[in-house]
Amino acid sequence: MSTFASVSLTDDLRDAVRGTVTVPSDPDYDSARSPFHLGADQRPAAVVEVADADDVVAAIRVARAYGLSATAQATGHGATGHGGDTVLLRTTAMRGIEIDASARTARVEPGVRWSELHARTAPLRLHGLCGTAPGVSVVGYCLGGGISSFGRKYGHGSSSIRAVDLVTADGELLHVDDETDPELMRALRGGGGNYGIVTALEIQLHAAPEMFGGQMLWLGEHSADVLGAYRRWVQTVPDELTSVVTLFRVPPVPQAPAMLHGRWVVWVGLAYVGSVERGRELVFPLLDALDEPLLNELGPLGIDELGRIAKEPVDPIPSHHRAELLHELDERTLDDVLRFAGPDSDSPLLFVMLRHLGGALGRPSPVPSAADRVDASFMLHGLGAPLVGQEHDAVIRAALLALAGTLADRATGRVPLTFLADGEGLERVFDDDELARLRAVKQRVDPDAVIRANHAL
């Protein structure tokens, strides 16, 4: 395959599409190629900011003619880096949203973020099965399975996919659903983006007449008490309540109070699908077991306010992360977590988060899906931001590996696709039988491997 953007490739792309084409010789190439995940150094042969589905068709046909692969990104939260043998289709401009309130469905183009969709659905008291980061694209999240803020009640975000419009490796626009191609449809529900470039998803929305949630925060010296009380409390909550507990070292940024800069804090974030009154009743045993929090933002929760639960970064940062699915959350595990991310640790990590799973996530998917039941009660997710050069970068990577190694005897060995880290393969997500099934779909629809996702089959 070619490793550079030739003059003829550049000209052919610019002749074929309405959107902007940027190549390595252009002054704005670095900004065009950069994903949200700045730790991924991707240097594609060209970046095409596609305007619509016709642009996607044209760009794939040109890429294929030059022996190049094609990949798509809206935000690049899960980027792993692509080289000069790839044309990157930036789908940011494709932001169409169509909502059918009576059918409780939404059709979204690939550039749509969850925050944008929920700004439209909130007045209708409807929501999608989003995660905790409102800036993530709906399409990328759903194709990767999606551990939802409502996962314990409804399961994976991918289970909400009803139909998919995608462009194949041959440059053909298809409409896929359970009737037209059930095996491809199954792969698209949680099997990643290896089968075509998606130009629209139709997803099921869910009614949320009332919601309760938000965040509670304590100073780091309360971490052991908060983790212990949280572990006992989550054993009592219904499937309608999904929560996380996070140990976080507050960075010296203007958004954070100066008194907290550099200090560890611990917070609990939650979302309950139900009445505010019942939500307060459910949270009372946790609050009653602990000292009063420094901050308590619990209350009525709008669908467009779900970012309050985990307060994940909204601006691109260089980072390294690792996730592990845990069978249970016992006292030994909490002690180990505190050694790596607590007030007495010298950890280089920015945060370690524990997500409560179970409920519908632990049951078989209600629709045929590559993202099936999660055989774990919790997920641990650690992240560090290397802000001071390669030495700090290596320290963060070592800390993440050490944390994973310490917990290995309590981990399942698997990880959700949307939490797969750089350098990890799909063997960490799927078992051998599932991988073989997904590879068979890939071989049928894209035998020449023209379409490239963040993690290749």
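Me: Which residues are linked with Arg332 and Asp336 in a network of salt bridges?
Reply: The model is a predicted one. In it, a network of salt bridges takes in Arg332 and Asp336.

Me: How many salt bridges does the count come to?
Reply: A pair counts when a side-chain nitrogen of Lys or Arg lies within 4 Å of a carboxyl oxygen of Asp or Glu. By this rule, the number of salt bridges is 29.

Me: Arg18 forms a salt bridge with which residue?
Reply: Arg18 sits in the loop between helix H1 (7–16) and strand E1 (20–22). Its partner is 34 residues apart from it, in the loop between E2 and helix H3 (53–65). The closest N and O atoms of the pair are 2.7 Å apart. The partner is Asp52.

Me: Is Arg18 buried or exposed?
Reply: A residue counts as exposed when its relative accessible area is over 50%. For Arg18 the value is 63%, so Arg18 is exposed.

Me: How many residues apart in sequence are the parts that Arg452 and Asp85 tie together?
Reply: The side chains of Arg452 and Asp85 meet in a salt bridge, at 3.1 Å from N to O. Arg452 lies in the segment after helix H12 (432–445), whereas Asp85 lies in the loop between E3 and E4. The pair therefore ties together parts whose separation in residues is 367.

Me: What do Arg452 and Asp85 count as in terms of accessibility?
Reply: Values between the cut-offs of 20% and 50% get a class of their own. Arg452 has a relative accessible area of 24%. Asp85 has 22%. Both residues therefore count as partly exposed.

Me: In which helix is Glu434, the salt-bridge partner of Arg186?
Reply: The closest N and O atoms of Arg186 and Glu434 are 2.6 Å apart. Both residues are buried. Arg186 belongs to helix H7 (residues 182–188), and Glu434, 248 residues apart from it, belongs to helix H12.

Me: Which residues of strand E4 point the other way from Thr86, Leu88 and Arg90?
Reply: In a regular strand, side chains alternate between the two faces of the sheet. Strand E4 covers residues 86–90, and five of its five residues are buried. Thr86, Leu88 and Arg90 point one way. Those pointing the other way are Val87 and Leu89.

Notes: Residues numbered from 1 in each chain as written. Predicted model: local features only at pLDDT ≥ 70, side-chain atom pairs only at ≥ 80, totals over all residues. Heavy atoms only, no water. Buried < 20%, exposed > 50% of the residue type's maximum accessible area, 1.4 Å probe, protein only. Helix = DSSP H or I, 4+ residues; strand = E, 2+ residues; numbered from the N terminus.
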